[in-house]
Amino acid sequence: MMGREPVTFKAPGADVSHPRRSPIDLIYDPKARGIFLQVLLVVALIALGVEIVSNAITNLQKQNIASGFGFLDRIAGFDISQTLIDYTNTSTYGRAFWVGLTNTLLVAGIGIVASTVIGFIVGIARLSSNWLIARLAGVYVEVVRNIPPLLMLFAIYFAVLKTLPLPRDSIALPLSSYLNVRGLTVPKPIWQDGIGLVGAAFIAGCVAAIVLGAWARRRRIATGRIFPSVWAGLALIIGLPVLAFFLAGSPVTFNAPTVGRFNITGGLTLLPELVALLVGLSLYTAAFIAEIVRAGIAGVPKGQKEAAFALGLSQGQVMRLVVIPQAMRIIIPPLTNQYLNLTKNSSLAVAIGYPDLVHVFAGTVLNQTNQAIEVILITMGVYLLISLVTSLLMNWFNARMALVER
Amino acid sequence: MGAGGDMEQAGGKRATPMRPPPAGAGPIAWVKTNLFSSPLNAALTVLGLWVAWIVVHALVDWAFVRAVYVGADGSACTKEGAGACWPFITAKLDQFIYGRYPDAERWRANLTFALFALGLAGVMIPGVPRKGWIAAFLLIVFPVIAYYLLTGGVFGLATVETERWGGLLVTLVVAVVGIVASFPIAVALALGRRSRLPFVRYASIGFIEFVRGVPLITMLFMASVMLPLFLPDGVTFDKLLRALIGVALFEGAYLAEVIRGGLQAIPRGQYEAADALGLSYPQKMGLIVLPQALKLVIPGIVNSFIALFKDTSLVLIIGLFDLLGIVQQAISSDAKWFSPSTPLTGYVFAGFVFWIFCFGMSRYAQWIERRLSGTDRR
């Protein structure tokens with residue numbers, strides 16, 4: 001080739017679009033190779049899918065298992081120990097699914113709030129200038145996060161809650177609450193007429209606080225005068241409902257529990273499974289949140305703090321206006337992960353018998369209907385949806401908090 | 001200004017000896033600055049001392065002072081105010097380590113543990129020569145040896161069904177097999193997620209995000225309930241193997257994200273230089289990019305191994321007996337050792353074993369991280 005043709009220098013890419021292309025050249029063409037590889041992958045995935053589906057159909061037919069989602073309308077016929085929505089054993093499997101889901105969301109919601117509060121306290125304590133407090137917080141984090149959460153649940157449930165006394169020897173707690181092997185019983189609030197006024201006052205307080213905050217901000221930008229809008233806002237949000245509560249004549253009575261011979265009557269009983277799950281998950285996740293908070297606050301450059309002090313801001317203002325907003329940017333993405341982890345870990349409930357989604361649906365319903373594929377797919381789909389929605393919400397929040405670079 | 005004053009003084013009469021500056025060192029100054037710098041801090045210190053005293057006192061009292069050390073069964077621990085029931089642990093220790101692995105064959109499990117510890121020490125301790133060969137032994141030769149040692153059936157070794165495995169043995173098998181088997185999956189997924197080819201990329205993203213969005217329990221349920229339905233008629237899997245498949249797929253997705261972090265940290269110039277040298281894709285990744293990326297993410301890999309090690313306890317939900325599972329079984333179904341303090345003793349023991357492993361590994365990850373950042377700074 002070289003002998004017959006004059007030597008020309010071509011750009012390396014020119015070969016690719018050479019019009020006379022032999023099949024051999026195709027092997028060395030990255031584009032053609034890419035397409036070939038992808039076709040191979042797609043064909044392999046489809047083949048795997050077809051194989052799985054055909055095997056599943058044969059196996060299901062052989063074992064006489066129905067398929068499809070019709071089972072959701074059939075009568076469940078089992079009881080659930082905690083139901084946030086109406087449910088009896090004559091309800092359908094579909095209803096049981098919703099009961100399980102609401103129970104999961106209950107644990108996730110309370111757990112997220114509790115673990116955030118504990119986690120922030122411990123995380124800030126780890127940065128305390130007080131040596132002892134910082135060390136104690138450090139010991140807490142290092143002990144808790146190196147132990148499986150399931151083990152913590154077992155220890156709390158079987159070794160602590162299950163060894164509590166029987167109902168007739170209940171441990172009396174303040175506020176006429178009782179603790180026994182059947183759970184924690186607290187007075188049950190019974191709302192009377194006029195409670196709507198308190199609710200309306202709460203909403204009005206929130207709206208007023210937002211309006212006040214906006215006004216204070218505008219005035220500060222215009223005149224430079226500072227209005228204590230945080231305290232005033234808190235006073236509105238808390239004060240208005242309290243005022244309304246007394247104006248409406250205390251529209252709430254409590255159904256206090258009474259200790260009987262065999263059981264406690266009245267009151268509101270929290271299942272020991274729920275208590276164990278909440279305590280275990282909150283303590284476990286809090287250890288991780290504490291580390292995130294510590295890293296976030298430590299990640300704000302020292303100069304920011306010093307500059308804020310140099311501007312004459314007070315200690316509280318430095319934290320509130322300079323350090324925390326910047327720390328939150330570091331904190332929020334990993335915090336989202338921890339919230340999702342807590343939600344997913346709430347499925348450990350199945351091990352101690354709390355009726356969450358996995359226990360009710362992927363456990364009892366699956367065993368009764370044998371429709372493993374549909375049940376597991378629905379269960380996984382729900383967790384995927386929760387993950388997706390949570391990360392969308394947190395991404396939106398994160399985008400609002402993110403550094404606006406000019 | 002102060003110095004000028006001193007000079008004048010020195011010029012006139014003999015300087016009066018000045019008091020030393022307030023002690024900045026010494027135990028009393030340390031206590032002052034670190035524990036009692038303000039009234040609030042003083043109050044916090046007192047509160048902290050009180051909490052520490054309560055916790056330490058309760059722990060020592062339960063674990064040592066009121067503990068029962070000898071006894072043949074649970075009746076020794078049922079006396080009023082008894083603390084930890086240590087004879088329960090000593091009597092069951094073998095079971096907690098090996099499960100129902102036959103007594104006569106336990107040397108095989110021990111030999112596997114020892115080989116693994118030896119190989120791991122070779123890889124983890126810096127300065128040991130021929131790290132590559134040790135790693136190859138650990139990743140390729142050791143699994144084969146361990147498989148035949150533990151299951152038997154060859155060279156005159158008696159077969160031990162996996163139903164008889166249990167305790168720490170299962171915990172370690174699930175964790176180690178999980179991480180080793182998930183590694184190639186994770187590398188493939190991480191490379192796939194950064195691929196230019198859209199189908200490869202979306203398939204990888206889909207798998208990773210799906211697995212990371214669901215709890216491990218549902219993956220285990222899927223592996224134990226759905227997998228048998230997907231296989232051709234007559235093909236059955238061992239229960240342990242099914243759990244291992246679930247764990248490997250799960251861990252693969254998490255590890256893929258760790259490795260992707262490493263891939264993203266490699267400067268573009270490295271990729272471009274490899275292209276300029278005319279290296280093929282496998283050569284570029286295998287010889288240039290991955291060695292650097294994997295070195296960067298060693299701490300991340302150790303951390304996800306810690307998470308996996310803790311997560312192995314979930315296999316008890318699908319009926320395997322790992323360390324926690326076997327402790328739980330001994331507590332709940334062994335009437336001989338029934339006593340009020342047995343459960344807590346068992347959980348504290350299991351928690352302590354898990355804690356030792358996880359804490360040790362996390363300290364190792366931190367140490368490696370410091371070493372790596374040290375080499376980078378030079």
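A nonpolar core is a set of buried Ala, Val, Leu, Ile, Met, Phe, Trp, Tyr and Cys residues joined through C-beta atoms within 7 Å. The legends below describe close-up views of a predicted model.

**View 1. The largest nonpolar core contains 148 residues.** The members that touch the most other members are A:Leu151, A:Leu153, A:Leu277, B:Leu169, B:Leu220 and B:Ile259. Helix 7 of chain B, residues 167-193, gives the largest share of this core, with 15 residues. In soluble globular proteins, nonpolar side chains tend to be buried together.

**View 2. The surroundings of B:Leu169, one of the core residues with the most contacts to other members, are shown.** When neighbours within four places in sequence are left aside, B:Leu169 is in contact with B:Ile97, B:Tyr98 and B:Gly99, and also with B:Tyr101 and B:Ala109.

**View 3. Chain A and chain B meet in a contact formed by 44 residues of chain A and 47 residues of chain B.** On the side of chain B that touches chain A, two or more residues come from each of helix 2 (27-35), helix 3 (39-65), helix 8 (198-213), helix 9 (216-230), helix 14 (323-333) and helix 15 (342-377) of chain B. Helix 15 of chain B provides the largest share of that side, 10 residues. By residue type, the side of chain B that touches chain A comprises 34 nonpolar, 11 polar and two charged residues.

**View 4. B:Val46 lies in helix 3 of chain B.** B:Val46 counts as partly exposed because 13 other C-beta atoms lie within 10 Å, whereas 20 or more would be required for a buried residue. Between the C-alpha atoms of B:Val46 and B:Leu138 the separation is 52 Å, and the two residues are 92 residues apart along the chain.

**View 5. Strand 3 of chain A (residues 183-186) pairs with strand 2 of chain A (residues 177-180) in the antiparallel sense.** Three bridges join this pair, and the two strands form a hairpin with two residues between them. Within the pairing, A:Tyr178 stands opposite A:Thr185 of strand 3. Strand 3 of chain A also runs antiparallel to strand 8 of chain A (residues 268-270), to which three bridges join it. Here A:Val186 stands opposite A:Leu268.

**View 6. Chain A is assigned domain 1 (26-63) and domain 2 (93-187 + 256-401).** Taken over C-alpha atoms, the centres of domain 1 and domain 2 of chain A are separated by 42 Å.

How values were computed:
Residues are numbered from 1 along each chain as its sequence is written. Chains are lettered from A and ligands numbered from 1 in the order in which they are written. This is a predicted model: local features need pLDDT of at least 70, side-chain atom pairs count only at pLDDT 80 or more; totals for chains, interfaces and linings use all residues. Two residues are in contact if their C-beta atoms, placed from the backbone, lie within 7 Å. Helices (H or I, at least four residues) and strands (E, at least two) are DSSP runs, numbered from the N terminus. Ala, Val, Leu, Ile, Met, Phe, Trp, Tyr, Cys and Pro count as nonpolar, Asp, Glu, Lys and Arg as charged, and the others, Gly among them, as polar. A residue is buried if 20 or more other C-beta atoms lie within 10 Å of its own, exposed if 12 or fewer, and partly exposed in between; C-beta atoms are placed from the backbone. Domain bounds come from an automatic or database domain assignment. Two strands pair if DSSP finds at least two bridges between them.
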